[in-house]
Amino acid sequence: MDKQEQALDLLEAAVTSMGGAMRTGQQEMVKHVVSALEDEEHLLVQAGTGTGKSMGYLIPALAHAQTSSKPVIVSTATLALQSQIVGRDVPRLLDSLKGKLSRPMDVALLKGRSNYLCQYKLGGGYPEDDEGTLFSLDEPAAPRGQTFSPLASEVMKLRDWAERTDTGDRDELVPGVSDKAWKQVSVSAMECLGSQKCPMADECFSEMARARAAESDVVITNHALLAVSAFEGLSVLPDFDVAIIDEAHELQDRVTSSVSGALSARTVLTAAGGAKRHCAVNVDELVKATNRLEKALTGVPTGLLPTGLREDMGIALNDIVEQARLVLALTKPEANAPADGGRQTARSQMQAVMDDAIRMLEAEERREVLYTTRPREFVEGRGYVEADDTQPATLNVAPLSVAGKLREGLFDGRTVILTSATLAIGAQFDSVAGSLGLMGAGAPSWTGIDVGSPFDYPKQGILYVAKHLPKPGRQLAAETLDEIEDLIKASGGGALALFTSKRSAEEAAAILRERLDVDILCQGEASMKSLVAQFAEERDTCLFGTMTLWQGVDVPGDACRLVIIDKIPFPRPDDPISKARTEDVQKHGGNGFMQVSATHAAIRLAQGAGRLIRSVSDKGVVAILDSRMATARYGSFLKASLPPMWPTVDKKTIVGVLKRMDPNG
């Protein structure tokens with residue numbers, strides 16, 4: 001029996017055990033993944049919603065790992081999917097395959113170091129982030145008439161949990177704690193003392209997770225760790241020769257975000273203060289250099305620096321590099337020095353400052369993008385807005401392209417399977433392949449396959465484009481609000497409304513609550529998990545939100561019978577990385593808008609529209625309230641990425657359909 005047949009037998013055994021039915025697309029996916037692993041060839045698999053994508057790659061992964069000396073790496077874009085695979089998908093699959101595999105299989109979960117509780121920091125080995133925050137935490141109760149601060153109470157909760165947890169994984173603490181509280185008991189990779197220095201290395205949850213991963217057959221991780229491995233060559237993952245990338249449409253953005261750097265006067269002063277406090281070194285010259293950087297960044301408009309660093313910025317950064325290097329030399333611990341969490345934290349902050357400053361100085365030769373941002377402040381009546389130009393900006397650096405590094409650090413010498421429900425536009429995989437390093441001179445060979453979906457989209461879904469509406473602007477138009485009102489009235493609720501900005505989502509929710517008799521939930525008013533749960537349970541309730549909901553909602557049934565998209569999700573015009581990538585494509589003779597902005601929008605549209613049909617019995621309408629889908633030349637390109645639903649621009653038809661679908665109609 002060949003490997004494909006063996007894997008298909010495992011699939012049949014698993015599906016039968018779980019009480020499911022074999023799906024053609026899932027079988028095709030299993031066969032192609034097995035073949036790619038056997039031939040050591042990269043594979044891109046578009047597996048539509050309902051295919052059973054996780055099982056489509058987990059079964060070949062387990063089959064391959066049975067005879068491999070190295071673990072198979074499975075990477076996801078989000079910690080949520082990572083936890084779902086480990087907590088639900090894998091246990092069910094292994095239970096269904098008992099007696100079918102040649103030996104028991106070990107599957108491990110691996111996250112970044114800061115996701116695990118640090119025993120040494122919890123025990124006081126590191127300085128407190130806020131003076132007095134944890135004062136009297138060892139007391140059994142607060143003094144009479146007083147209460148602990150909310151932060152101190154959260155840390156006490158963490159102390160109690162630390163005595164019970166076997167993993168130290170933050171996601172296992174339910175209910176969770178704030179980021180500020182978690183920071184009191186965790187460290188970054190740079191702050192970590194390392195297994196040679198840390199007195200509690202034998203009890204380190206992060207090290208135990210890495211040890212388990214090294215001995216496992218399959219390791220479930222995330223794109224951020226994969227990025228660190230590929231870009232920086234650090235051994236954050238066990239040695240592997242096979243990687244399976246789920247949510248692969250997110251890989252470019254997640255990698256870019258993970259390897260970007262930022263530097264502000266405040267960042268440098270914080271590092272300088274830490275070095276002075278914990279290492280007793282003179283940082284006066286570093287502070288002077290920081291003041292010069294602050295002056296250089298004051299009044300600078302936010303956005304892309306099209307001509308690179310100004311002379312005064314470059315001088316300040318050079319001085320910062322020189323002074324940071326001197327501080328690091330003066331604070332280097334002796335070979336046999338005892339562990340010192342304060343010194344390590346200070347040195348890690350200083351090292352990050354120096355590394356980012358060097359990257360910025362060398363941005364042009366490294367083909368990296370330089371841009372400025374400012375902090376966002378809450379303004380009554382306006383929400384969060386960017387600080388004005390009188391405030392010093394933060395300088396940022398990001399790779400113009402991640403393709404070369406991924407080709408070298410991920411694809412070279414390994415077999416990589418990339419999969420998602422939205423990888424191709426039309427029948428073409430070239431856009432995503434090019435962004436990840438699989439196109440151009442010297443690119444490795446690869447195959448792209450679309451295994452389809454079990455859903456009958458033309459019969460189950462209708463795509464409505466509101467051609468009559470005006471071209472959308474930055475503000476939510478009155479006509480758009482009226483359109484949303486009419487559609488929700490016709491459907492009787494059950495609408496998931498997806499907006500390209502938080503402000504639009506909140507404005508629409510506030511206005512339409514006054515006009516409609518259905519409950520409207522809005523992202524940010526409660527945890528995402530609780531909002532989605534309520535939306536799923538109450539079939540006439542509506543949920544309004546932004547990008548997280550475009551990709552994170554799985555609500556089968558008539559609780560979600562209408563998906564509304566306010567406008568085409570192009571990158572923001574002032575997004576510096578998209579702007580730089582567009583200009584670079586155009587400089588090399590390509591169509592920057594189509595290759596960057598339109599491709600980005602097509603993938604996001606497909607993700608948003610994919611929220612509607614989640615099972616073979618679902619029916620509903622996707623309403624896109626952006627007339628450019630029907631009038632612009634690029635409209636057909638965007639539609640090619642969407643599920644093949646029945647299309648119309650006739651509002652009267654859609655209103656009639658929605659009224660017939662209303663459970664209370």
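Is Arg88 buried, partly exposed or exposed? At 44% relative accessibility, Arg88 is partly exposed; here buried means under 20% relative accessible area, exposed means over 50%, and partly exposed lies in between (1.4 Å probe, protein chains only).

The model is predicted: local features need pLDDT of at least 70, side-chain atom pairs count only at pLDDT 80 or more, and totals for chains, interfaces and linings use all residues. Residues are numbered from 1 along each chain as its sequence is written, and side-chain values use heavy atoms, with hydrogens and water left out.

**View 1. The salt bridge of Arg88 and Asp89.** Arg88 pairs with Asp89 in a salt bridge, with 3.0 Å between the closest N and O atoms. A salt bridge is a side-chain nitrogen of Lys or Arg within 4 Å of a carboxyl oxygen of Asp or Glu. Asp89 is buried, at 12% relative accessibility, whereas Arg88 is partly exposed. The count of salt bridges by this rule is 32.

**View 2. The salt bridge of Asp246 and Lys53.** The N to O distance between these two side chains is 2.7 Å. Asp246 sits in the loop between β5 (242-245) and α10 (251-258) and Lys53 in helix α3, so the pair ties together parts 193 residues apart in sequence. Helices (H or I, at least four residues) and strands (E, at least two) are DSSP runs, numbered from the N terminus. Asp246 is buried, with a relative accessible area of 0%, and Lys53 also counts as buried, at 18%.

View 3. The side chains of Asp160 and Arg164 form a salt bridge of 2.4 Å, N to O. Asp160 is partly exposed, at 44% relative accessible area, and Arg164 is exposed, at 54%. Elsewhere, a network of salt bridges links Glu250, Asp253, Arg254 and Arg604.

**View 4. Helix α1 and its ends.** The 15 residues of helix α1 (residues 3-17) should span 21 Å at 1.5 Å a residue, and the end C-alpha atoms are 21 Å apart, which agrees. The expected span is 1.5 Å times one less than the number of residues. Buried in α1 are Ala7, Leu10, Leu11, Ala13, Ala14 and Val15. These buried residues pack against α2 (24-39), α3 (53-65) and α4 (79-96), where contact means heavy atoms within 4.5 Å. At the N-terminal end, Asp2 caps α1 through a side-chain oxygen 3.3 Å from the backbone nitrogen of Gln4. Gly19 follows α1 and has a positive phi, near 80°.

View 5. A nonpolar core is a set of buried Ala, Val, Leu, Ile, Met, Phe, Trp, Tyr and Cys residues joined through side-chain atoms within 4.5 Å. The largest has 49 residues, and Leu406, Leu410 and Leu418 have the most contacts inside it. Helix α9 (residues 223-232) gives the most to this core, with six residues. A second, separate core of 38 residues includes Ala47, Tyr57, Ile59 and Leu93. Beyond its neighbours within four places in sequence, Leu418 has contacts that include Leu43, Val45, Ile245, Phe411 and Leu438.

**View 6. Ala337 and Glu507.** Ala337 is in the loop between α13 (311-330) and α14 (341-361) and is partly exposed, at 23% relative accessibility. Glu507 belongs to helix α20 (residues 502-515) and is partly exposed, with a relative accessible area of 29%.

Terms used:
A polar contact is a pair of N or O atoms within 3.5 Å; within protein, one must be able to donate a hydrogen and the other to accept it, and residues adjacent in sequence count only if both atoms are side-chain atoms.
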